[in-house]
Amino acid sequence: MSRVTIRPPRACDVQQYADAVRRSAAHIGQWNPVEPDGLPDLLQRQGPGLRTFLIIDKEDGGFVGKCNVSNIVMGRFCNAALGYDSYLPYAGTGRMTEGMRLVVDRCFADQSAGGLGLHRLEISVQPENERSIALARRLGFRHEGFTPRMLFLDGAWRDHERFALTAEEWQPLGVQEE
């Protein structure tokens, strides 16, 4: 039984989101921008090319993490990129892995079943971010390569390891609540 659920962010989440990001600033800031006031902008950008999911602890309602499904391209490609942050105090408890399983399942599920209908997902991680690499591997993503100077973060172009997974490789979890 999963300890978490996933759902899109809502306007009423702004304060709880800001608190979670601030509380986790040192944890997130090693790898990603820390933007505690960024939820309103993120809500505005939701659409066919970007879907965001909050991962929520079922017991206390706290935000475990966030996953952006971005660069969504349909047609013959049916591909997207996953980017995620985990929040304290839940980091290291396995809840982020549980939540990401739900997100991946939603991404691969047919649109008729409430999913995104994607065929392929990619994750790019800075080589030193061992915890995110371990998460990608736990989810079944395979290493596909190395991209030098891929993303501009914290004032410099950062190298990334690339991981991918296709719908054929995924073992569906079944219908999940939102």
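**Thr52 and its surroundings**

The side chains of Thr52 and Asn68 are joined by a polar contact of 2.6 Å, where a polar contact is a pair of N or O atoms within 3.5 Å, one able to donate a hydrogen and the other to accept it within protein, with residues adjacent in sequence counting only if both atoms are side-chain atoms. The model is predicted, so that local features need pLDDT of at least 70 and side-chain atom pairs count only at pLDDT 80 or more, while totals for chains, interfaces and linings use all residues. Residues are numbered from 1 along each chain as its sequence is written, and side-chain values use heavy atoms, with hydrogens and water left out.

Thr52 lies in strand β2 (strands are DSSP runs of E with at least two residues, helices runs of H or I with at least four, numbered from the N terminus). Thr52 is buried, its relative accessible area being 1% (buried means under 20%, exposed over 50% and partly exposed in between, with a 1.4 Å probe and protein chains only). Leaving aside residues up to four places away in sequence, Thr52 touches Arg7, Pro8, Pro9, Leu42, Gln46, Lys66, Cys67 and Asn68, contact meaning heavy atoms within 4.5 Å.

Strand β2 (residues 50-57) runs antiparallel to β1, to which four bridges join it; strands pair if DSSP finds at least two bridges between them. Within this pairing, Thr5 stands opposite Ile56. From β1 (residues 4-7), Val4 and Ile6 point one way and Thr5 and Arg7 the other, and all are buried.

In helix α1 (residues 14-23), the buried residues include Tyr17, Ala18, Ala20 and Val21. They cover an arc of only 165° around the axis, and therefore lie on the same side of α1, the arc being that of the directions from the helix axis to the C-beta atoms. The buried residues of α1 pack against α2 (25-29), α3 (39-45), β2 and β3 (63-73).
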